[in-house]
Amino acid sequence: MQITASTVSLTVDDVAASQRFFTTHLGYAEQQAAAEEFASLARDDAATDIVLLARGTEVLPADQRDQHACGLILAFTTTGIEHEEKRLRAEGVEITMPLREEPWGERLFQIKDPNGVVIQFVEWATPSGPA
């Protein structure tokens, strides 16, 4: 098997709200198609593509239609994490977990989109604690 791309599909209540959030604040663009119950988003870099599906849409199997994206953290490894946190805060995005550094060297912060999807930004630093 050779994987040529990665996509995460998120089932949300308001596709348009999440689409606006990802395009306005996170640099995504509409990829191939969008409709009231569907949006396909991508970036020009290594970020995972995102498909947004409306809860209840009949394109999903019956046992998945009413599920909501939860228990999921969409994580992006980035550089310049302090700048990104300040930029998002300045744009009015609520920082739901402030920037912090874990003893193993992970620097991270989190935000949520309008549908409650947790988005985490990570940058790896030299660990500050014992090995």
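Is Glu102 buried or exposed? In this predicted model, Glu102 has a relative accessible area of 14% and is buried. Its salt-bridge partner is Arg100, with a distance of 2.7 Å from N to O. Arg100 itself is partly exposed, at a relative accessible area of 41%. Arg100 also stands opposite Leu108 in β7.

The strand arrangement gives the setting for these residues. An open sheet is formed by 4 strands, ordered β5-β8-β7-β6, and the pairing is mixed. Strands β5 (73-77) and β6 (95-101) lie at the edges, where each pairs on one side only. On average, neighbouring strands of the sheet are turned by 15 degrees against each other when direction is ignored. Strands β6 and β7 run antiparallel and are joined by 4 bridges. Helix α2 packs on the sheet, where β6, β7 and β8 (118-124) are the strands it touches. The direction of α2 makes about 15 degrees with that of β7.

Side chains of opposite charge can pair when their charged atoms come close. Arg107 and Glu82 form such a salt bridge, and their closest N and O atoms are 2.6 Å apart. The pair links distant parts of the chain, with Arg107 in strand β7 (residues 106-112) and Glu82 in helix α2 (residues 81-90), 25 residues apart. Arg107 counts as buried because its relative accessibility of 15% is under the 20% limit. Glu82, in contrast, has a relative accessible area of 43% and is partly exposed. Both residues belong to a network of salt bridges that links Glu82, Glu101, Arg107 and Glu123.

Arg87 is partly exposed at 24% relative accessibility, whereas Glu84 is buried, with a relative accessible area of 19%.

Terms used. Residues are numbered from 1 along each chain as its sequence is written. This is a predicted model: local features need pLDDT of at least 70, side-chain atom pairs count only at pLDDT 80 or more; totals for chains, interfaces and linings use all residues. Side-chain values use heavy atoms; hydrogens and water are left out. A salt bridge is a side-chain nitrogen of Lys or Arg within 4 Å of a carboxyl oxygen of Asp or Glu. Helices (H or I, at least four residues) and strands (E, at least two) are DSSP runs, numbered from the N terminus. Buried means under 20% relative accessible area, exposed over 50%, partly exposed in between (1.4 Å probe, protein chains only). Two strands pair if DSSP finds at least two bridges between them. Axes are lines fitted to C-alpha atoms, for helices over the stretch in contact, and angles run from 0 to 180 degrees between N-to-C directions. Contact means heavy atoms within 4.5 Å.
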